[in-house]
Amino acid sequence: MLAATSAPRLDPKRRNVLDSRKRQFAKPAFAEQTYPHRLNFYNVPPTGDISLEEFEEWGIARLKVLGELEACHFRNRSPAETEEYMKPVIDKHLRLSSNMSRSSDMEMERKRDHYSHWTLRLAFSGTKDLRERFARLETQLFKLRLQRDDTRERKEFIESLPMAWEVVGEDEKRMYMDELKAATRCGRDDEEAWFKVDWEKVPELVERRQVLLKRGSAFVHVREQMSIVTNEFARNLETGLELAARFLPRMDEDNRLAPILHHLSQSFVAPDAGYSEASSIGDISTPTAASINGLSQHFPLCMQNLHKTLRANNHLKHFGRLQYTLFLKGIGLSLQECIIFWRKSFKNITDEKFKSEYQYNIRHAYGDVGGDANRRGRGYTPYSCQKLLTEAPPSGGQTHGCPYRTYSPDNLIGLLQSVGVSDRTLLRDVRDDVSNGKTRYHIACNRVFEHAHKAQLKKVKDEDLWPASELDTILHPNTYFKRSFLLKNLGKVQSGDIGVDGPTQIKTDD
């Protein structure tokens, strides 16, 4: 019998060598990430698991921050004013605690920030316009955070970046000291540091002549370091958005994510804002059918347009009636008073016709009829600006929707003038917001609001009467109404949400 021979043994080192195409699967790649720094370049996509609700909610929160940042730009706020205005907004929706804070929420805050960025990166990579807007706003947000960051933590974050710069050595510094001081306007030669980078990475510094150029390199003073980092962030993001655009068609195959991404991209027209019962004035006054004419001075243009059309024609078509009914419900008009309002407004029809064709729809909107589900939900909620801006535009004879979107620029200016807006500069800015393919509809509406209430807004800010959260961008018609009502009644009530001890009746009848 032949002696059994053992199988040849494999070299352990060779056993672990994998084909390069398979190496990525040798070890689980989908794991939670850690965030050693408060700031993030978002170079690596998230690899952990989150729920669909978190995917959407975190994206919406980030979108609100970007929307407010864009609004600051279009309102011509200075950098200092923007930083002051955005601080409470960022803290509310995208708070990032520093390492020094030792907050128990720090990791979750950074995870939320990381995932929300990549969610919106996917949502806004579909078109060139969306990519450019997203890159611009994300860069502004990054710059704000970089400026506000703790000095030591900012230094550690910058040192962790794979930046293509080189510290200028002592020999070069001595050789070019006079030129460096002249170019960068520095006085002290000790304690000064310069970085050497490719001049194409700092075009704005070259344009402002704040660097020394030598053989294709720009000698940049350390104080401009944040500018270099911000520019690098912008370049990386623009490249990443181009890659995301190529990948986006695959997302259409995922029936879970595609609707969410579509909703978020639509929200870039105007961020979504749910209705809050705080938008009612029921704790301050009691709206009645007879008081609507007087209260209409506080309506946004969409509701003024419906009210004006109703008064002229004694009728509104279905979608206009629904939009207006829900708005009136939202300001605090009771069901009974709303029925009285519509009955008096439709004075050319009989009681029988009104009851058979219109009254049920009013009761249904309030949740008084329509099945258990409708009653439990207390009917429909008032429409937000986003809903008015993204639904199908009105056809002939209809007046629902947002006039800033549905009217031509000339007709829009005429409508604004018909409700008392006459300032030429304001009308010019509004025309610019909605012309030539621009979609700054809610910005135009906020311009009109701020102009109409500029004296009251100045008083509120100067005397610090309201918290900053009550002065953010208006994204809901009922918020517009409530804020206008409060501002015009500053001497009687400070705020509908704070400072009111019980109902304070304010006469609103004609």
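**Close-up views of a predicted model**

**View 1. Strands S2 and S4 are joined by five bridges.** Strand S2 (residues 194–198) and strand S4 (residues 217–221) run antiparallel; strands are DSSP runs of E with at least two residues, helices are runs of H or I with at least four, and both are numbered from the N terminus. Phe195 has Val220 of S4 as its bridge partner. The model is predicted: local features need pLDDT of at least 70 and side-chain atom pairs pLDDT 80 or more, while totals for chains, interfaces and linings use all residues. Residues are numbered from 1 along each chain as its sequence is written, and side-chain values use heavy atoms, with hydrogens and water left out.

**View 2. Four strands form an open sheet in the order S1-S2-S4-S3.** The pairing is antiparallel, and two strands count as paired if DSSP finds at least two bridges between them. Strand S1 (166–167) and strand S3 (212–214) are the edge strands, each pairing on one side only. Helix H7 (residues 170–184) packs on the sheet and touches S2, S3 and S4; contact means heavy atoms within 4.5 Å. The direction of H7 makes about 135° with that of S3.

**View 3. Helix H13 (residues 318–331) packs against helix H23 (residues 477–488).** Their axes are 10 Å apart at an angle of about 40°; axes are lines fitted to C-alpha atoms, for helices over the stretch in contact, and angles run from 0 to 180 degrees between N-to-C directions. Phe327, Gly330 and Ile331 of H13 meet Pro477, Asn478 and Phe481 of H23.
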